[in-house]
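User: I would like to go through the helix packing and the chain interface in this model. Could you take me through it?

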Amino acid sequence: MIYAALFYAIALFTVAGAFGVAFSENVVYSAFSLMATLLGAAGLYVFLGADFLAAVQLLVYVGGILVLTLFAIMLTHQISDVEVSNRAVGRWPALGLVGFVGIAMATALVRAPWKVSGEVVAKAAGEGTTYGIGDAFLGPFLLPFELASIVLLTALVGAIVLSRKEIRD
Amino acid sequence: MEIGLNHYLVVGLLVFLAGVFTVLTRRNAIGVLMGVELVLNSANINYIAFSRFGTGGLEGQIFSIFVIMLAAAEAAIGLAIVLGIYRKFQTIDVEEVDSLRG
């Protein structure tokens, strides 16, 4: 009972944050709503028994990406000049498209015969999923893991090249 | 009623729709990037829900780690591009930034 109530509270928090990002007038408020969504998603991961991922979510998303986003907002301080009234796509066409996609996906969600197994992935309470994830990264997922480090290195170099001041002789 | 797979999928669906709406309606480039983050997060919620309730084991969680990694790379590159655009055009309105001349 308490479990269900807690789940609904966190789910509501997450979804409310997402809609806050979508509908807020000010980009700074959007960023803080995004923080609510990311924290709520971390809570959902805890509910799903993914303890390592909840920690990664907090460290990378809330601690990294969100702070980066806020920095970018503060650096481009003309942000408030981008008015909400002149939108790329009007609010109503976008709502129509989103509603259409939503109905299609909800139908698929209800109709699909998901294969659900009863057992929990992280079986031993207290051991967590970290051991299994580390094992998988150095075993069957070694190649994607190394490719990921190359992607991150490329992104690092690319970000530096893009954001440095260009000096031409 | 017990909390099952569908509950998490509905949360993921709503977050996804909010993200798509954000991407469609924002003219602020940083707002568009935030919408992309929402979409990626909804995918993660689904991955981990399937990893918990499905039969695949830990694979879902490992995939979502890769999604988080790509999201971090995307955010770094995207925001660097946004700052570059701001330096060049003095605005980050995606409608006004349409000149291709270097």
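Analyst: Helix H2 (residues 27-47) of chain A packs against H2(B) at an angle of about 10°, and their axes lie 11 Å apart. Axes are lines fitted to C-alpha atoms, for helices over the stretch in contact, with angles from 0 to 180 degrees between N-to-C directions. H2(A) is therefore roughly parallel to H2(B) (angles under 35 degrees count as roughly parallel, over 145 as roughly antiparallel, 65 to 115 as roughly perpendicular and the rest as oblique).

User: What kind of model is this, and how are things numbered?

Analyst: This is a predicted model, in which local features need pLDDT of at least 70 and side-chain atom pairs count only at pLDDT 80 or more, while totals for chains, interfaces and linings use all residues. Residues are numbered from 1 along each chain as its sequence is written, chains are lettered from A and ligands numbered from 1 in the order in which they are written, and side-chain values use heavy atoms, with hydrogens and water left out.

User: Which residues make the contact of H2(A) with H2(B)?

Analyst: On H2(A) they include Leu34(A), Leu38(A) and Tyr45(A), and on H2(B) they include Met34(B), Leu38(B) and Ile48(B). Contact means heavy atoms within 4.5 Å. The residues divide into eleven nonpolar, four polar and no charged (Ala, Val, Leu, Ile, Met, Phe, Trp, Tyr, Cys and Pro count as nonpolar, Asp, Glu, Lys and Arg as charged, and the others, Gly among them, as polar).

User: And at what angle do H2(A) and H3(A) cross?

Analyst: The axes of H2(A) and helix H3 (residues 51-75) of chain A cross at roughly 175° and come within 9 Å. The two helices are therefore roughly antiparallel to each other. Their contact has 20 nonpolar residues, one polar and no charged. Helices here are DSSP runs (H or I, at least four residues), numbered from the N terminus.

User: Switching to the interface: how much area do chain B and chain A bury between them?

Analyst: They bury about 6,800 Å², 78% of it on carbon and sulfur atoms. Buried area is the accessible area (1.4 Å probe) that two parts lose on being put together, summed over both. The side of chain B that touches chain A has 44 nonpolar, 15 polar and eight charged residues.

User: How many residues of each chain are in contact?

Analyst: 67 residues of chain B are in contact with 83 residues of chain A.

User: How do H5(A) and H3(B) cross?

Analyst: The axes of helix H5 (residues 130-137) of chain A and H3(B) come within 10 Å and cross at roughly 70°, which means that H5(A) is roughly perpendicular to H3(B). Ile133(A), Ala136(A) and Phe137(A) meet Gln61(B), Ile62(B), Ile65(B) and Phe66(B) there.
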